[in-house]
Amino acid sequence: MIKQLLAIIFVTGTAATSAQDFPSRPIRLIVPFAAGGGSDIVARALAGPLSTRLGQPVVVENKPGGGATLGADLVAKAPADGHTLLYTTPGPQMSNPYLMAKLPYDPKTDLLPVSSVAVVPNVLVVHKDVPVASVKDLIQYAKSRPGKVNYASAGTGASSHLAGELFKQSAGVYVVHIPYRGTGQAVSDLLSGHVQMAIDSIAVFKPHIDSGALKALGVATTQRSDRLPGTPTISETLPGFDAAPINYISVPAKTPASVIERLNREINAVLRSPEVTEQLAKVGVIPQGNTPAQMTALIASESRKWQAVIRYSGAKID
C-alpha cells in the first residue's frame, strides 16, 4: 500500500511539475495537410501570436498523407506534455473513423480536444466556361448530364471531398469525384478546366474568383460571407446545407488538465486579438474558440453528421 501511495504521489507530482513548467521548449503544431491549403493558412496565422503568449516558438510542421491520419497518429503517439499539438479539420476524429476500416490510433481515446480555432467557410466554384450562374443552374446542368460533371477535392476524405458528397446528396445529382494530392493540384486542374467544380475554402479560391478564372456560386455556410459580398449561400437553394469545416486543436491523451487549460486560455486569447481577427477576416475565416468540453460535444455532433453523408456516398479510404 505504501509503495502504491508513493507511486501515485510521484506520478501526480511529476504531472504537476510538468504543467507548472509548461512550455519548456518549442511547440510543434502539426498540420496533417500539405502547405498552402486553408488549414495551413490559419495555423500559420495562429502560430506567431501564440508563440508570443506562451514564450516559446510555435513551429508549424506539415505532415500530409493518409487522409490526415499520418499527422494525427504522430500527435497521438507523442509525449503527452503539451509540446506537440494537432491542428486539424474533421477528418482525424470526425469522419475518418467511418471512411477507414482501421486507424493507427483511436480517435476517441488517443486525442483530447483543446479548443476550436475557426470555421473556414467553403465556397462552391465552377470553371469560368461552365455555362451556369447560380447553384440552381448548376443543379439543373448536372441533372441533365449525369456522370459528366466532375468535382475536384484535396483527396478522399478531405473536407472538400465530403462537402462535394453532401452537395450530391442534398441536390440529388450525380457528379464524379476526382481526388488530388492536396489543394494545390486540385486548384490547378480546376483552373485548366480538367474538372468543372469544387467546394473548398474561400481563402484558396478568392484570388481566382477575383481574376474571373472561377465563378463563385454559393458559400457553404448558413450565413453569407463578407469576403464574397453578393454571393448567396448554398443553403438559400438547398435549405440547411452547411459544409464549413471546423478547425481545432487536439493533444495526446493523458496531457495534464492544467496544460490543456493553459493552451485553451492562450488560444482563445489569441483568437480574440484584433491582430488575428483582422488577419483571418482577410481570408474569409471566422475565428471561434470554445472550451474543451464544448469541443468534445461538437466532435460528437459533427461525427454523426458526416457518418450519415459517408454512408450515403459509400466513400472509403483503403
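Which strands does helix α11 lie across? In this predicted model, helix α11, residues 292-313, lies across β4 and β10. The helix runs at about 85° to β4. To place these strands, turn to the sheet that holds them.

That sheet is open and has six strands in the order β2-β1-β3-β10-β4-β11, with mixed pairing. At its edges stand β2 (58-62) and β11 (286-287). Each of these two has a single partner strand, so one side of each is left without a neighbour in the sheet. Further in, β3 (residues 84-88) and β10 (residues 246-252) run antiparallel and are joined by three bridges. Within this pair, Leu86 stands opposite Ser250 in β10. Helix α4, made of residues 91-99, packs on the sheet and touches β3, β4 (111-119) and β10. The direction of α4 makes about 95° with that of β10.

The model also has an open sheet of five strands. Its order is β7-β6-β8-β5-β9, again with mixed pairing. The edge strands here are β7 (176-179) and β9 (214-219), and each pairs on one side only. On average, neighbouring strands of this sheet are turned by 30° against each other, direction ignored. Inside the order, β5 (residues 122-127) pairs with β8 (residues 197-201) in the antiparallel sense, over five bridges. In this pairing, Val123 stands opposite Asp200 in β8. Helix α8, residues 202-211, packs on this sheet, where the helix touches β5, β8 and β9. The direction of α8 makes about 125° with that of β8.

Terms used: Residues are numbered from 1 along each chain as its sequence is written. This is a predicted model: local features need pLDDT of at least 70, side-chain atom pairs count only at pLDDT 80 or more; totals for chains, interfaces and linings use all residues. Side-chain values use heavy atoms; hydrogens and water are left out. Two strands pair if DSSP finds at least two bridges between them. Helices (H or I, at least four residues) and strands (E, at least two) are DSSP runs, numbered from the N terminus. Axes are lines fitted to C-alpha atoms, for helices over the stretch in contact, and angles run from 0 to 180 degrees between N-to-C directions. Contact means heavy atoms within 4.5 Å.
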